Amino acid sequence: MALWTRSASPTDIPLHTNGSENDIHSVVTRRKISGGTHSDQGRAARDTMLSMMKTCNKLGVSFWDYLGDRLGIPGSKILPLPVLLAAR
């Protein structure tokens, strides 16, 4: 086990899944409260928006500023998420 741990775990990848579990916790709670979606399109829209919210939060970017910029609403200019991720 020690050999696997040493050779297969780069320093930036944790050996636990707490971060991933925390990411989906709010999604599961919201789904339980609301009763879920009524269509596949609704589920896809919800999943996309929640994913963008989580990504913006992790990058320290306001989700609403990001969304406003993508919809062409005047205000803050936000770089595309792939650019922000690459710069991280």
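I took a nonpolar core to be a set of buried Ala, Val, Leu, Ile, Met, Phe, Trp, Tyr and Cys residues joined through side-chain atoms within 4.5 Å, where buried means under 20% relative accessible area, exposed over 50% and partly exposed in between (1.4 Å probe, protein chains only). The model is predicted, and local features need pLDDT of at least 70, side-chain atom pairs count only at pLDDT 80 or more, and totals for chains, interfaces and linings use all residues. Residues are numbered from 1 along each chain as its sequence is written, and side-chain values use heavy atoms, with hydrogens and water left out.

I looked up the largest nonpolar core and found nine residues, M52, C56, V61, F63, Y66, L67, I78, L81 and L84. The elements giving two or more residues to this core are α3 (40-59), α4 (63-70) and α5 (81-87), helices being DSSP runs of H or I with at least four residues, numbered from the N terminus. The most comes from α4, with three residues.

I then listed the buried residues of α4, which are F63, Y66, L67, G68 and D69, and noted that they pack against α3 and α5. For I78, leaving aside neighbours within four places in sequence, I found contact (heavy atoms within 4.5 Å) with V61, D65, Y66, D69, R70 and L84. Just after α4, G72 takes a positive phi of about 80°.

Last, I searched for aromatic pairs, meaning rings of Phe, Tyr and Trp (its six-membered ring) with centres within 6.5 Å, planes under 30 degrees apart being stacked, over 60 edge-to-face and the rest tilted. The structure holds one such pair: the ring centres of F63 and W64 lie 4.9 Å apart with the planes at 70°, so I recorded the pair as edge-to-face. F63 counts as buried at 8% relative accessibility, whereas W64 counts as exposed at 59%.
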